[in-house]
Amino acid sequence: MGFTDTFNMDIKKPRVIPGSRAAFFGYTVQQHDISGKKCLMGLPLLVWLPPLAVGCQTYMDIIIVLDGSNSIYPWVEVQHFLINILKKFYIGPGQIQVGVVQYGEDVVHEFHLNDYSSEAFQKGGRKGAKKVMIVITDGESHDSPDLEKVIQQSERDNVTRYAVAVLGYYNRRGINPEAFLNEIKYIASDPDDKHFFNVTDEAALKDIVDALGDRIFSLEGTNKNETSFGLEMSQTGFSSHIVEDGILLGAVGAYDWNGAVLKETSGGKVIPLRESYLKEFPEELKNHGAYLGYTVTSVVSSRQGRVYVAGAPRFNHTGKVILFTMHNNQSLTIHQALQGEQIGSYYGSEITSVDVDGDGVTDVLLVGAPMYFSEGGERGRVYIYNLRQNRFVYDGTLKDSHSYQNARFGSSIASVQDLNQDAYNDVVVGAPLEDNHRGVIYIFHGFQGSILKTPKQRIAASELAPGLQYFGCSIHGQLDLDEDGLVDLAVGALGNAVILWSRPVVQINASLHFEPSKINIFHRDCKRSGRDATCLAAFLCFSPVFLAPHYQTSTVGIRYNATMDERRYTPRAHLDEGGDRYTNRAALLSSSQEHCDRINFHVLDTADYVKPVTFSVEYSLEDPDYGPMLDDGWPTTLRVSVPFWNGCNEDEHCVPDLLLDARSDLPTAMEYCQRVLRKPAQDCSAYTLSFDTTVFIIESTRRRVAVEALLENKGENAYSTVLNISQSANLQFASLIQKVAFRLDFEFSKSVFLHHMEIQLTAGSDSDEEESTKEDNTALLRLHLKYEADVLFTRSSSLSHYEVKPNSSLERYHGIGPPFNCVFKIQNLGLFPIHGVMMKFTVPIATRGGNRLLLLKGFFADQANTSCNIWGNSTEYRHAPTEEDLSRAPQLNHSNADVVSINCNVRLAPNQEISFHLLGNLWLRSLKALKYKLMRITVHAALQRQFHSPFIFREEDPSRQITFEISKQEDSQIPIWIIVGSSLGGLLLLALLVLALWKLGFFKSAKRRREPGLDPTPKVLE
């Protein structure tokens, strides 16, 4: 909630005064001072008033005229009707008189008008009384020629006529009653809908008793046949407010319950006419029952003086409050109207004016809407209006507890005398249904012409006594009931009145000083625990100030804790008493007198002589439940620091001279070339010139960069020296290694990639360094970076060798040749994203003689955002190949063939890869026609960094090749004459060989071997 659990209203010792619940004891409570004797009134407030200066408007003579013929049957129903209708009238002296006349052939006076007792029967009407006639009949009259004359006479005598037609005789005999009804309507006063009744039979008379009674009742005291009231139902005194010249009275029932405000003065009564209210309460809303006068009060303006205020909680269902002045000519002037915002909220049922600063001029007007619906219940609301130039301006609402719904916060609002003794009057608001109908009150403090919207104290009935209900239904707080100089609070509950006593409020001022005023570690003037120490004394002083004048000689007990170096794990100062860092003591303070305690302490050796020693004091009341109350918001802590003497010049002004130097361990391009690439100095010089500026190389395996820094002081002591380190977004601070110099380690960011790195170191101190020596207090490292790309570059192909044979058929390859699929893959194995790199492909597709070697049908990359450009694939080559000898140039590549060039920009995140696919077919027609034995077609792919690319490759111009090796079988063509000559020569040679063998007898010896001999054993041929 934001308010204190308890402030200066004592909830420990309330006085509960019981009374009669049946008499609604506690419904209103008022504090009174009667001849110096304080008393409390707890019954509902009764206001006695002399009779108003208007005539009694219930002065009425009523004549009931009955049809005495035998056609009305049963007669007992008519008797019951008479009994019931007479109960509706207030019959008595000076009030209503009733006469009963029965007619048939003769007129019989059964009761006379001046007979209101049961003994005498006398005739006679009263002069000035309202005349009413009720005619009850079941048939047409026999003297109808005289009817018109009688009606005219009744009009002259201002007789209001009600006619009741009983149709029982006509219904029982089936007779048309039209003529009868027309006559009865003629008898009734106009309009017929208000003065004519008809019933089906005698038994139905009971059904019109209430309607007839209400219409006659509405005529009481009116001068015409109207259905409205003036002041006869006014309920004058429903609310009251005492002003200088009399009493302001609310009359909620006046003017048909629209309400009015009256004033009773010593010189007479002021009763504004109804027309005075029409500006804010128009005639068309008269039936809404505004209840003006439900509550009345007044405000005082510096220009207009006293202005009356009245609430109308039912006006237009949302409620209204008017501010007005009354005049002796029965009129009033409405200066301002405040409108409610929610239907049924009962806005204006409680109004309180508050003079916050007590200067006699109203500062705040509070308007309650206790039935304001919020968060599922009638939570209630109190509106704040501040006086600004004679008008009240809306300034929000008072805050209640958010934990209750059906509280009806604002059912009672009381402006009370200054409760917390701060010279501003306060406000108490009741919520009698909060806390399950036990009730709660909220105390709001006034401050500088307004009311603080957050309550300072919430008092629940459950905290005071058991059994209290509807606590807070009424509140009053203007007197000091126990004569202790403080205003006390009276709160009503159902059957109880509760007195809450105010407690005095005290402010405690604290101060602290030291002797000596500084800690001189160079002067050890005492020994503590056997060691040299610097000893000091702290003087802690308290002075109480009671806000109420009655308590200027009172005392108050406090308890305080004193602690040294409370935020340090190991204190630098210790108390002499006990050697600890803190002490707890009690003190009794007298009003307007200073009380001081001496606290001795000492300081031993310490490494921190720069930051002062903090001395903290916390204090509170020794018994917060009884006696004085510490002022809300008043400080209860004190922190004072005692500094060290800095050891500088006599003026204690130290002038340092700081010097800061820093360098990194990243290699330059020259160092990288010599150490990593292992190239000679001449080549490395050319390598360095390939970059547009001096760059530093980040090797692919490097994770950190180290910065060596040296900080020196060439002047006097520099206390609280601070080294500020800032770095670019691609660096993350990793560690600090401190020696005489110190080393800073930074890790390269995995999420931020920059072409440079920047580290700035700035040294400063609490001492005042000369401006002329501050130039070397800053070291800035700004290095242009080149990153060594860690890539894996591979290739693969579905075709590496193909043999062209004489019988190779084109139909097998759809008229083209064997297909191929080449894949080049790049993988980023490093920590940094790669960009500014281009992939270049060259694919030989034709000889320089215009014979196509292969057909490139497709190229794509498996990374969607890769952009590529292709040149040379649209050239048209001849369909039929020509003779061309390639035996002297068996290696075809971009240098000796027509090529297709493809360039692709490469962007790879860490651990990302990309593949490029080349799809096509060898051109078999040319491969069969060209002259060669073995031919190689080489597809070339190379990675190239752009000039401003932040990346370098350890492999200079990394490239990969895929070679198609094509071989061809020779098809030899032999001339026919050689074949014929060879055949003839062969035959001739064979004939000569046969002839020679025959000459040699080869065939003869064979013959002899075939002849049988005498010798069975063959002989060996030598």
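Cys 526 and Cys 535 form a disulfide with their sulfur atoms 1.7 Å apart, where a disulfide is a pair of cysteine sulfur atoms within 2.5 Å. Please keep in mind that this is a predicted model, in which local features need pLDDT of at least 70, side-chain atom pairs count only at pLDDT 80 or more, and totals for chains, interfaces and linings use all residues. Residues are numbered from 1 along each chain as its sequence is written, and side-chain values use heavy atoms, with hydrogens and water left out.

**Disulfides**

- The whole structure holds 4 disulfides.
- The link of Cys 526 and Cys 535 is right-handed, with 90 degrees about the S-S bond.
- Both Cys 526 and Cys 535 are buried; buried means under 20% relative accessible area, exposed over 50%, and partly exposed in between (1.4 Å probe, protein chains only).
- Cys 673 is joined to Cys 684 at an S to S distance of 2.1 Å, and this link is left-handed, with -85 degrees about the S-S bond.
- That pair links distant parts of the chain, 11 residues apart: Cys 673 is in helix α9 (residues 669-675) and Cys 684 in helix α10 (residues 681-689). Helices (H or I, at least four residues) and strands (E, at least two) are DSSP runs, numbered from the N terminus.
- Cys 868 and Cys 904 are also joined, S to S 2.0 Å; the torsion about their S-S bond is about 115 degrees, so this disulfide is right-handed.
- Cys 868 is partly exposed at 30% relative accessible area, whereas Cys 904 is buried at 0%.

**Aromatic rings**

- The count comes to 33 aromatic pairs. Rings of Phe, Tyr and Trp (its six-membered ring) pair if their centres lie within 6.5 Å; planes under 30 degrees apart count as stacked, over 60 as edge-to-face and the rest as tilted.
- Phe 24 and Tyr 27 are an edge-to-face pair, 6.4 Å centre to centre with 75 degrees between the planes.
- Phe 24 is partly exposed, at 47% relative accessibility, and Tyr 27 is exposed, at 51%.
- Phe 748, Phe 753, Tyr 787, Phe 832 and Phe 951 form one aromatic cluster.

**An open sheet**

- An open sheet is formed by 4 strands in the order β1-β32-β31-β30, with antiparallel pairing; two strands pair if DSSP finds at least two bridges between them.
- β1 (15-18) and β30 (474-476) stand at the edges with a single partner strand each, so one side of each has no neighbour in the sheet.
- β30 pairs with strand β31 (residues 489-493) over 3 bridges, and Ser 474 has Gly 492 in β31 as its bridge partner.
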